[in-house]
Protein chains: 2
Amino acid sequence: MNDKQPAIRIAIVGHGNLGRGVESAIANNPDMTIAGIYTRRDPAQLQPLTAGVSVYPMDALAGHKDRIDVLILCGGSKDDLPRQSPELAAQFNLVDSFDTHARIPAHFAAVDAAAQAGKTTALISAGWDPGMFSINRVLGEALLPDGATYTFWGKGLSQGHSDAIRRVSGVAGGVQYTIPVPEAVDQVRSGVRPQLTTREKHRRDCFVVLAPGADAEAVRQAIVTMPHYFDEYDTTVQFISAEQLAREHGAMPHGGFVIRSGNTSAANKQVIEYRLQLDSNPEFTSSVLVAYARAVHRMAQAGQFGCKTVFDVAPGLLSPQSPAELRERLL
Amino acid sequence: MNDKQPAIRIAIVGHGNLGRGVESAIANNPDMTIAGIYTRRDPAQLQPLTAGVSVYPMDALAGHKDRIDVLILCGGSKDDLPRQSPELAAQFNLVDSFDTHARIPAHFAAVDAAAQAGKTTALISAGWDPGMFSINRVLGEALLPDGATYTFWGKGLSQGHSDAIRRVSGVAGGVQYTIPVPEAVDQVRSGVRPQLTTREKHRRDCFVVLAPGADAEAVRQAIVTMPHYFDEYDTTVQFISAEQLAREHGAMPHGGFVIRSGNTSAANKQVIEYRLQLDSNPEFTSSVLVAYARAVHRMAQAGQFGCKTVFDVAPGLLSPQSPAELRERLL
C-alpha cells in the first residue's frame, strides 16, 4: 500500500451474509475504508460489525455521491441486482455478484449503457463462480486449446437446493450439501478427458427436519424426484432433529475446482487445476468483491468506463501493492 | 476466433526445446501463423516441425519487420535474453520467458526503455513460474490479505539441478527430480499455515550414470553436499546405467502448486490452490508464451506500449474469443 494515497471509500449496499462479509474483508485491507452501510430496513435496527460505521437508508445514497468511491452491492441476483446495478451505475462506480448465468448478457448490456452514459466503472458477476472459476476456465482454454474443462462444486452447502428442500410439504428445516464424486475427479485429474453425466459428477446429501406428523418416506420421495434440483442426481436424505440441524449444519462451507486437461502434443498431457476449500462461502465471496472494488476504483481513475467483468481486469490491479513491488516480490 | 481478423504472425527466435514447443502450440491456435524461425545456427541445418515454415538467420530479422506481429524469444535467461530482449524490443513486439528472479527489475527497466522509445509492447517473464504461479501469488494475497502463500515445485525434472549433477567429476550423465514432501503439502492444505524450512518442503532425487572408474561414494558425497543446489535438502542418489537413463528419464515432466491459506474472520479458514501437472515442461511453457503473444498483439494494437508482465494482462486478452462470447460461455 502506498501510504500517500487516500483510502478507497467503499459503500456497502445491503447487509445480509454478503454485506457482513464485506465489512469483515475491509478490516483486512488497510487501503480501504467503509463510507457507510445502506439498507432498505430501518437503519436503527441494523448492527454493523465495525464500531463507528454509519448506517443510512437507501435513499440517502444519491446525496452521498461525493463521499463514496465504489459501491459494493450485496443484494440478490433474482430481485435486487437486475434493478439496482443499472440504476446505481448511472451515478456510482460499483461491483456486484450477479450470478444468474443465463441473464449475464442482458445484465451486462443494461449496466454498460448506464455506466457509459454516467462515465462510471461497474464490474458485474464477481465472486468465485462466477468469478475466480470463470477466470480459470478462460485461462485453461487459452493455454491448452486442445483440451476439456471440468467444473466441480463442493463439498459445500447449496443455498438454492436447501431452499428447495424447505419448500417441500412436511419439511420443517433442512440443508443440502453438493459433493463431487471422487471417482469422477480422479478420472479428470488423470488427464483422460472423460465424458461425464450430471449424475456421475456430483452427489447431493440432504439433512432434513420433519414437521410434526409428516410422512418421512413421502418427504424423501418428494425431494429425490424433484425436477432439475434432484432428479438427475444420486440424492441421499437423512432425517435429523431441529437441535442437530442447528448444532451441526449452521456453517456455510463450499468450494470446488476447475480442471483443464489437454494435450500440447500427441505424447504430452497437461493438467491445470484451480481449487477452493472455503469454510465460509459468503465471506470468501465478499473478499473477492472487495479486491475487485480496488480494481474498479483504479480503472475509473484511469478513465476506463463502462461495464466490466473479471475477464477485463489485470491481476495487478487487485493488489494494494505497486507494480514494481509486485514484480520484485511475486513474479 | 473472429474469422475476419488476419492471423497473428509470430516469429520464433531460437529453436531449442522452447522454440519447438512454440511451433507445436501455434498449430493448436488457428488465429496464429508462423512468420518464420530465426536462428544463430546454420538455417539449412535446422528442421522445423511444420511443413512450409521458413528458417532464417538471426540477422534477417531486422529486414522482416513488416511481416511479423510478435516475436517469441526462446533463448536462455543467462546469456540470450538480457541482451536480446532490450535490443529487439526497440523494433518488435515480443514475449520472453526471462526467469532469473533477482534480475527481473533490471531486465524490466532495460526492456521498458527500449519498448517505450520504439512504441512496442514487450512482455517479459511469461511461462508458469514466473508466469501462472506468479499470477496466483498476487491473486492469493489480494483475496486473502490475512494469510500465507506456499509454492511447491514438482514432481519434476529440474534442468538446473540436472546440469549441476553433470558437472560433478566422475559423472557421465544424470537427472534430478524435485519432489514436494507430502506431509508438508498436507499441512499447508489443511489451512494451519505452518512455518516450513527448505528441507521440509522439497526432496531431491538424483539418477546418476558413473563415468568409467569413478568412485560411487565420492560422487554421492559431492552431490549431496553441493552448496545451494543440494546441501539444504534431503537428497537421494541412485546409480543407473546409461541405457536406463536414456530409456526411463528422457521426458521433462514438471509442475507444482501455489497454495494461499488465509482467514476471512477468526472462525473461517479459506484455502486456494493452483496446481499444474505437466508431462512436458517446455511444451507447457511454450503454450503460455503463445497465449501471451496474442495478448501482446492486442495491447500493441491498443497503443499500450512499454514493458509488461503477466500482472498487466487481463485474462480475456489471452483468449481468441470475443469478450461477448467469453461472458456468455465461460463467466
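**Figure 1. Helix H10 of chain A in the predicted model**. Helix H10(A) covers residues 281-301, 21 residues in total, and spans 31 Å from its first C-alpha to its last. That is close to the 30 Å expected at 1.5 Å a residue, the expected span being 1.5 Å times one less than the number of residues. Helices (H or I, at least four residues) and strands (E, at least two) are DSSP runs, numbered from the N terminus. Of the 21 residues of H10(A), 18 are buried, so the helix is largely enclosed by the rest of the structure. Buried means under 20% relative accessible area, exposed over 50%, and partly exposed in between (1.4 Å probe, protein chains only).

**Figure 2. Helix H8 of chain B and its cover**. Val219(B), Ile223(B) and Val224(B) are the buried residues of H8(B), which runs over residues 216-224. Seen down the helix axis, they fall within an arc of 120 degrees, so they line one face of H8(B); the arc is that of the directions from the helix axis to the C-beta atoms. Their cover includes helix H5 (159-166) and strands S9 (171-180), S10 (202-210) and S11 (234-239) of chain B, where contact means heavy atoms within 4.5 Å. Asp215(B) caps the N-terminal end of H8(B) through a side-chain oxygen 3.0 Å from the backbone nitrogen of Glu217(B).

**Figure 3. Cysteines without disulfides**. The count of disulfides over all chains is zero, a disulfide being a pair of cysteine sulfur atoms within 2.5 Å. The sulfur of Cys74(A) lies 17 Å from the closest cysteine sulfur, in Cys307(A), too far for a bond. Cys74(A) is buried at 10% relative accessibility, and Cys206(B) is buried at 1%.

**Figure 4. The relation of chains A and B**. Copies are superposed by least squares on the C-alpha atoms of residues with pLDDT of at least 70 in both. Ala314(B) comes closest to the rotation axis among residues of chain B, at 1.9 Å (C-alpha).

Residues are numbered from 1 along each chain as its sequence is written, and chains are lettered from A and ligands numbered from 1 in the order in which they are written. In this predicted model local features need pLDDT of at least 70, side-chain atom pairs count only at pLDDT 80 or more, and totals for chains, interfaces and linings use all residues; side-chain values use heavy atoms, with hydrogens and water left out.

Technical notes: A polar contact is a pair of N or O atoms within 3.5 Å; within protein, one must be able to donate a hydrogen and the other to accept it, and residues adjacent in sequence count only if both atoms are side-chain atoms.
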